[in-house]
Every structure is written in structure tokens, then in C-alpha cells.
Amino acid sequence: MVPPNFIYLNQSGPTEFVFRMFTSSPRIQALLFLLFFLLYMMILCGNTAIIWVVCTHTSLRTPMYFFLSNLSFLEICYTTTVVPLMLSNIFGAQKPIPLAGCGAQMFFFVTLGSTDCFLLAVMAYDRYVAICHPLHYSLIMTQKLCTQMVVGSLGLALFLSLQLTALIFTLPFCGHHREINHFLCDVPPVLRLACADTKIHQAVLYVVGILVLTVPFLLICISYVFITTTILRIRSAEGRRRAFSTCSSHLTVVLLQYGCCSLVYLRPRSSTSEDEDRQIALVYTFVTPLLNPLIYTLRNKDVKGALKKSVSRKGASETP
């Protein structure tokens with residue numbers, strides 16, 4: 001017999017979740033709010049600047065910068081799915097989020113995060129073609145193929161996210177208010193609140209994690225094996241330096257993104273703690289989206305040059 005406080009997604013009972021507070025101290029709450037708000041604004045401004053520069057400079061209308069602008073757009077959507085709700089929950093009493101709202105946030109969070117991972121693999125392929133097959137680059141990396149790869153990444157992410165989210169929310173959750181030890185409706189902390197056997201759901205999560213994280217990461221590694229082999233054959237030191245510089249920015253973002261996500265989604269449940277997962281999630285919610293524009297602007301002469309031209313052009317136009 002099912003206990004009366006078991007509530008399913010298709011029932012009319014008002015099951016709600018609340019997020020665990022970071023702290024109960026008003027002073028620390030204010031500091032955290034200010035910190036997260038400033039980081040969020042920097043993420044929005046930095047990634048918007050990359051999109052604007054790529055769209056307004058014809059010299060940057062290449063496949064590499066097309067993918068970079070799409071990555072920046074994903075980072076904006078990704079953080080916007082999480083941060084505004086998190087900021088609204090820092091102050092005051094815990095604000096409940098309905099079951100449907102939690103499911104929607106999980107769906108968009110997983111979709112955008114998965115697309116991000118797939119797109120990083122696509123960018124590695126772009127670098128592979130550019131360095132290993134430079135004479136055929138323009139023939140292979142056509143606008144049509146680039147668009148198809150971006151749409152394909154999003155489509156695969158949507159499919160996996162829909163299946164995973166639907167599976168999670170067929171589970172029963174007991175009680176009216178359940179506290180999530182997190183600042184968002186991520187899959188692992190929500191699974192811990194289920195009042196049923198979650199072995200199958202954990203297995204599905206692990207399979208999705210392999211498809212989203214391990215497979216793309218292996219493809220990136222294979223691409224960089226060929227890239228490194230080709231670069232080492234270049235005779236001039238300047239040529240090797242320039243070739244490596246086009247890949248270093250991408251590799252930095254890849255290692256940070258895949259490393260943090262793997263610690264949350266691919267570690268055995270017995271070796272993880274909810275507090276650790278929440279701390280790691282702060283890294284890929286704030287640090288990675290913030291570093292993306294910083295890394296690509298500070299280590300990329302083309303983007304830096306385009307930004308300087310834009311700033312100087314705007315300054316000249318405002319001068320009477």
C-alpha cells in the first residue's frame with residue numbers, strides 16, 4: 001500500500017521543492033548576492049561582446065568564430081536558467097518552486113549544458129580540419145555543415161534531456177515540501193529526494209553522462225592527438241607557436257568544463273557528497289561561462305584586435 005504522503009507528477013497535489021539556503025546571516029547573504037550578481041553581469045557582458053564582435057566584423061566570419069559566438073549564446077542562456085532564480089532565493093525565507101517549475105529548470109539546464117559539451121567537441125573538429133587539412137578547410141567547413149553541426153548538437157541534447165527529465169519526474173516524492181541541498185534543480189540532488197528505488201534512474205543518468213561527457217571528450221582527445229602530431233611536423237618555431245595558440249584557448253575551456261561536470265555526474269554516488277556537488281556546480285555555473293570570453297579575448301589576437309577597433313571606432317564617432 002502506498003503511503004498517503006506519496007505524490008506523483010500526474011497527481012493534483014501541490015508538491016513543491018525548496019532550495020537549501022547558503023547561509024542564514026543577513027550580512028553574508030548580502031555579500032553573496034552582490035558577488036553572484038556581479039559575476040552574472042560580467043558573464044552577460046563578456047559573452048554578449050563576443051557575439052557582437054563576431055557579428056559586426058567580416059574578418060571574424062569564419063567557422064571558428066561562428067562556433068564561438070554560438071558557445072557564448074549558450075553560456076548566456078545556461079546561466080540565465082539558473083542565476084536569477086538563485087539570486088531570488090538568497091534573501092529571506094525559502095521560496096518554494098513547484099514540481100513543474102523544477103522539471104522545466106532541469107530540462108533547460110541539462111539541454112543547454114549538454115549542447116555546450118557537444119559544441120566543444122565540434123570546435124575541436126574544426127581545429128583538426130584547420131590544422132591537419134588547411135588546403136581543404138574551406139571546402140569541408142562550409143556554412144551549411146557548420147549550421148548542421150550546431151543544430152545537431154542542440155537536437156541530440158534536447159532528445160537526451162527530455163528522456164532523462166521525464167524519467168526523473170515519474171518518481172514519487174514524499175512530503176509536501178522537500179528541501180534540495182542545491183541552488184538549482186539538478187539531477188543528482190533531485191534523485192536523492194525520491195521515495196523509491198532509483199537504481200535504474202542512476203544507471204540512465206550514468207549512460208547519459210557517458211554520452212554527453214565521455215564520448216565528446218574522447219573525440220576531442222583524438223582530434224588533439226592528430227593536431228599535435230601535425231604541429232610537431234611544422235619546421236618553424238613561429239608556425240608551431242601560432243598553431244598551438246589557436247588551440248590553447250579551446251583546450252583550457254574543455255578541461256575546466258568536462259573536468260567539473262565529470263566530478264558531479266560520473267563519480268559513483270558512494271564517493272560524492274551533496275555539499276561537494278553544490279560547490280563544484282558553482283564552478284561550471286559561474287567560472288566557466290565567465291572564463292570563456294576572457295580566455296578567448298585575452299589569448300586571441302583576432303578577437304582582441306576586433307574589440308579594439310570597435311572601441312576606437314565608437315570613441316571616434318562620439319568625439320565632436
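Colleague: What makes R20 and E179 a salt bridge?

Modeller: In this predicted model, the side chains of R20 and E179 meet at 2.8 Å, N to O. The cut-off is 4 Å between a side-chain nitrogen of Lys or Arg and a carboxyl oxygen of Asp or Glu, so the pair qualifies. It links distant parts of the chain, with R20 in the loop between β2 and α1 and E179 in strand β5, 159 residues apart.

Colleague: Why is R20 called partly exposed?

Modeller: Its relative accessibility is 36%. Buried means under 20% and exposed over 50%, so R20 falls in between.

Colleague: And which salt bridge ties R192 to another part of the sequence?

Modeller: R192 meets D277 at 3.4 Å, N to O, again within the 4 Å limit. R192 lies in the loop between α6 and α7 and D277 in helix α9, so the bridge ties together parts 85 residues apart in sequence.

Colleague: Good. Why are F33 and F37 called stacked?

Modeller: Their ring centres lie 6.2 Å apart, with 0° between the planes. Pairing needs centres within 6.5 Å, and stacking needs planes under 30 degrees apart, so both tests are passed. The two residues are four apart in helix α1, about one helical turn.

Colleague: How do you know that R278 sits over the ring of F22?

Modeller: The charged end of R278 is 4.8 Å from the ring centre, within the 6 Å limit. F22 also belongs to a cluster linked by ring pairs, with F36, F183 and F286.

Definitions and conventions
Residues numbered from 1 in each chain as written. Predicted model: local features only at pLDDT ≥ 70, side-chain atom pairs only at ≥ 80, totals over all residues. Heavy atoms only, no water. Phe/Tyr/Trp six-rings, centres within 6.5 Å; stacked < 30°, edge-to-face > 60°. Lys NZ or Arg CZ within 6 Å of the ring centre and 35° of its normal. Buried < 20%, exposed > 50% of the residue type's maximum accessible area, 1.4 Å probe, protein only.
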